[in-house]
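Student: Hi! Could you walk me through this structure?
Tutor: Happy to, here it is.

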Amino acid sequence: MKEFKLIFLFLIPIISNAQVMFEKSYGGLPQYDWTRYMVETYDGGYALAGHTANYTAGQSDCYLIRTDANGDTLWTSSIGGPLGEEYNFVEELSDHGFIGCGYSNGFGNGSWD
């Protein structure tokens, strides 16, 4: 409980000063597509990383969405195998490409890696 209160107190000033620039939905059905991490890109757009079960070769795949500054989709990418995969982090590289990190249940030793 103490940890929750500290986090809540730090978030109040951020939330009270925030302005909504736009609201967008991406992907298919909300129960199957999740964003785990978002980063602002060099041009003011965004890269969103997570997973999808809508556009997949298996149970779920890593899913990356690239938007412009208005939140309009520029491109998407999904990658994965026969079981579950998900991105938990994305970072923009110096050449403006992207690298995603996450988990896979379809590759490696047969468990979540």
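Student: In the hairpin of β3 and β4, which residue takes a positive phi?
Tutor: That is G71, with a positive phi near 85 degrees, in a hairpin that has 5 residues between the strands. Keep in mind that this is a predicted model, where local features need pLDDT of at least 70, side-chain atom pairs count only at pLDDT 80 or more, and totals for chains, interfaces and linings use all residues. Residues are numbered from 1 along each chain as its sequence is written, and side-chain values use heavy atoms, with hydrogens and water left out.

Student: Thanks! How many bridges join β3 to β4?
Tutor: There are 6, between β3 (residues 61-67) and β4 (residues 73-79), and the two run antiparallel. L64, for instance, has S77 in β4 as its bridge partner. Strands here are DSSP runs of E, at least two residues long, while helices are runs of H or I with at least four residues, numbered from the N terminus. Two strands pair if DSSP finds at least two bridges between them.

Student: And what about β2 and β3, over how many bridges do they pair?
Tutor: Strand β2 (residues 46-52) pairs with β3 over 7 bridges, in the antiparallel sense. G50 has Y63 in β3 as its bridge partner.

Student: In what order do the strands of the open sheet come?
Tutor: The order is β1-β2-β3-β4, 4 strands with antiparallel pairing. At the edges are β1 (33-40) and β4, each pairing on one side only. From one strand to the next, the twist averages 20 degrees, with axes as lines fitted to C-alpha atoms (for helices over the stretch in contact) and angles running from 0 to 180 degrees between N-to-C directions.

Student: New topic: which residues make up the largest nonpolar core?
Tutor: That core has 8 residues: V39, A47, A49, C62, L64, Y87, V90 and F98. The elements giving two or more residues to this core are β2, β3 and β5 (85-92). A nonpolar core means a set of buried Ala, Val, Leu, Ile, Met, Phe, Trp, Tyr and Cys residues joined through side-chain atoms within 4.5 Å. Buried is under 20% relative accessible area, exposed is over 50%, and partly exposed is in between, using a 1.4 Å probe and protein chains only.

Student: What does F98 touch?
Tutor: Not counting residues up to four places away in sequence, F98 touches T41, A47, L64, R66, W75, V90, E91, E92 and L93. Contact means heavy atoms within 4.5 Å.

Student: OK, charges now. How many salt bridges does the structure hold?
Tutor: It holds 3. The criterion is a side-chain nitrogen of Lys or Arg within 4 Å of a carboxyl oxygen of Asp or Glu. In one of them, the side chains of K24 and D72 meet at 2.8 Å, N to O. K24 is in the loop between α1 (2-17) and β1, and D72 is in the loop between β3 and β4, so this pair ties together parts 48 residues apart in sequence.

Student: R66 came up in the contacts of F98. Which residue does R66 form a salt bridge with?
Tutor: With D43, the closest N and O atoms being 3.0 Å apart. R66 lies in strand β3 and D43 in the loop between β1 and β2, so the pair ties together parts that are 23 residues apart in sequence.

Student: Is R66 buried or exposed?
Tutor: R66 is buried, with a relative accessible area of 6%, whereas D43 is partly exposed at 38%.

Student: And which residue does E86 meet?
Tutor: E86 meets R36 in a salt bridge, 3.3 Å from N to O. E86 lies in strand β5 and R36 in strand β1, so that pair ties together parts 50 residues apart in sequence. E86 counts as buried at 16% relative accessibility, and R36 counts as partly exposed at 43%.
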